[in-house]
Amino acid sequence: MTTHENPEGSTTPSTMSYVTSFDVAAPIDEVFRVATRPVLWWGEMLHGTSTALGDRFEWNVPGQHFNAFEVTEYAPGSRCAWTVLASGKEHEAEEWIGTVVEFTFTSAGNGAAVTFSHRGLTPSLECYDMCSRAWNYHLDVGLRAYLDGETARPLTYGTIDDVVATIGSSGQIQ
């Protein structure tokens, strides 16, 4: 279930960042290992590394979306965060650069609870609806499915059109 919170303390809906949480049956160390290797659950369009503080990687979906990230928090079994350094479209650059994608992990029953937030991705941004649908999709059919022992469906070059039909498109990158 997706919930929204505002870490800055304001109650204005347009300033609340995207947040979602879900539980998985996997142990917390495995959850952390998989989440910090997004090529396993997000897609093969990832290039670079994301398994240590300061690592950098890119998400480049041809004709759709581009972002460059830096790992800015890395606390095994607890949390990790990626700060957006670059984006492929002008309006995305203005909206995305400096935002922070963050995972927090806690024990939950026989598994773990995952809280995912994209600090700075707020309803006032042009891409909010499409971006939240995309995060929901990738976190559900990718990360959650992988950790629950289901067949994960990370994005591949062969599935771009089907996924775009499901979640929408950010348009063509110029």
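**Salt bridges and a helix face**

Analyst: A search of the whole structure finds 9 salt bridges, a salt bridge being a side-chain nitrogen of Lys or Arg within 4 Å of a carboxyl oxygen of Asp or Glu. This is a predicted model, where local features need pLDDT of at least 70, side-chain atom pairs count only at pLDDT 80 or more, and totals for chains, interfaces and linings use all residues. Residues are numbered from 1 along each chain as its sequence is written, and side-chain values use heavy atoms, with hydrogens and water left out.

User: Which residue forms a salt bridge with Arg 144, and is Arg 144 buried or exposed?

Analyst: Buried means under 20% relative accessible area, exposed over 50%, and partly exposed in between (1.4 Å probe, protein chains only). The partner is Asp 148, with the closest N and O atoms 3.3 Å apart. At a relative accessible area of 19%, Arg 144 is buried.

User: Where do the buried residues of helix H4 lie, seen down the axis?

Analyst: Helices are DSSP runs (H or I, at least four residues), as are strands (E, at least two), numbered from the N terminus. In H4, residues 160-167, the buried residues are Ile 160, Val 163 and Ile 167. Their directions from the helix axis to the C-beta atoms define the arc. The buried residues of H4 fall within an arc of 70°, so they line one face of the helix.

User: Which residues are exposed on the other side of H4?

Analyst: The buried residues were Ile 160, Val 163 and Ile 167. On the other side of H4, the exposed residues are Asp 161, Asp 162 and Ala 165.
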